[in-house]
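Please look over the chain shown below, with attention to how its side chains meet one another.

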Amino acid sequence: MSGYKALCFALTRSLLLTCLVPAGLLGLRYYYSRKVVLAYLDCALHTDMADIEQYYVKPPGSCFWVAVLDGNVVGIVAARAHVADNTVELLRMSVDSRFRGKGIAKALGRKVLEFALVHNYSAVVLGTTAVKVAAHKLYESLGFRHMGSSDRYVMPGMTLSLAERLFFQVRYHRYRLQLREE
């Protein structure tokens with residue numbers, strides 16, 4: 001018996017409870033992870049993604065691109081200006097899972113880089129909670145440098161309840177591509 005099982009059995013004197021505790025903990029992790037992700041999606045669908053024109057088309061220095069293949073939207077990416085430090089932020093990059101690995105994300109990323117160069121931004125920045133190695137490799141292949149990560153990221157829509165903090169954690173990574181010195 002592993003250490004936690006032996007401790008659990010010693011405390012409960014129940015083989016059934018000893019076997020159910022890990023399943024219960026996994027169930028709680030699934031529930032709270034799903035709850036946080038759905039709250040995040042709801043938040044996104046009721047803010048910037050509900051009014052793309054207002055958030056990404058009208059503001060100066062911002063833009064939104066859609067990748068279309070055979071009449072179907074297969075990917076999106078946005079750029080938003082940060083005037084204070086003359087950077088543009090790459091946001092909302094997403095490619096339909098059925099079309100990943102075909103260079104669509106790289107083409108979308110390049111669009112943001114071209115936009116930044118044309119508009120004389122000094123750098124492109126981005127933040128991501130992506131857990132897939134492929135996403136990080138994509139950013140690095142575009143020339144971005146990993147600037148650090150944080151385990152204390154709060155996703156939009158999170159309530160920060162004790163249960164959420166116990167059962168849901170996400171690492172937030174920051175990347176930067178310096179285009180020119182200021």
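The paragraphs that follow take up aromatic pairs, then salt bridges, and lastly a surface patch.

The model is a predicted one, in which local features need pLDDT of at least 70 and side-chain atom pairs count only at pLDDT 80 or more, while totals for chains, interfaces and linings use all residues. Residues are numbered from 1 along each chain as its sequence is written, and side-chain values use heavy atoms, with hydrogens and water left out.

Aromatic rings of Phe, Tyr and Trp (its six-membered ring) are taken to pair if their centres lie within 6.5 Å, and planes under 30 degrees apart count as stacked, over 60 as edge-to-face and the rest as tilted. By this rule there are seven aromatic pairs. One of them joins Tyr139 and Tyr175, whose ring centres are 5.4 Å apart and whose planes stand at 55°, so this pair is tilted. Because Tyr139 belongs to helix H5 (residues 133–141) and Tyr175 to strand S6 (residues 172–178), the pair ties together parts that are 36 residues apart in sequence; helices (H or I, at least four residues) and strands (E, at least two) are DSSP runs, numbered from the N terminus. Tyr139 is buried at a relative accessible area of 7%, and Tyr175 is likewise buried, at 3%, where buried means under 20% relative accessible area, exposed over 50%, and partly exposed in between (1.4 Å probe, protein chains only).

Strand S6 also contributes Tyr172, which pairs with Tyr153 from the loop between strand S5 (145–150) and helix H6 (162–167), so that parts 19 residues apart in sequence are tied together. Tyr153 is partly exposed, with a relative accessible area of 27%, whereas Tyr172 counts as buried at 19%. Elsewhere, ring pairs link Tyr55, Tyr56 and Phe64 into a cluster.

Turning to charged side chains, the structure holds six salt bridges, each being a side-chain nitrogen of Lys or Arg within 4 Å of a carboxyl oxygen of Asp or Glu. Among them is the bridge between Lys35 and Glu164, at 3.2 Å from N to O. Since Lys35 lies in helix H2 and Glu164 in helix H6, the pair ties together parts that are 129 residues apart in sequence. Glu164 is buried, with a relative accessible area of 2%, while Lys35 is partly exposed at 32%. Leaving aside neighbours within four places in sequence, Glu164 is in contact (heavy atoms within 4.5 Å) with Tyr32, Lys35, Val36, Met158 and Thr159.

A second example is the salt bridge of Asp151 with Arg171, at 2.8 Å from N to O. This pair links distant parts of the chain, with Asp151 in the loop between S5 and H6 and Arg171 in the loop between H6 and S6, 20 residues apart. Asp151 is partly exposed at 49% relative accessible area, and Arg171 is partly exposed at 42%. In a further salt bridge, the closest N and O atoms of Asp96 and Arg98 are 2.6 Å apart; Asp96 is partly exposed at 22%, and Arg98 is exposed at 64%.

Finally, Val37, Leu38, Leu41 and Leu45 make a nonpolar surface patch of about 340 Å². Patches are made of residues with over 30% relative accessible area and no salt bridge, with like charges joined within 9 Å and nonpolar side chains (Val, Leu, Ile, Met, Phe, Trp, Tyr) within 5 Å. Leu38 sits in helix H2 (residues 15–45) and is partly exposed, with a relative accessible area of 42%.

Terms used: Accessible areas come from the Shrake-Rupley method with a 1.4 Å probe; for residues, only the protein chains shown count as cover.
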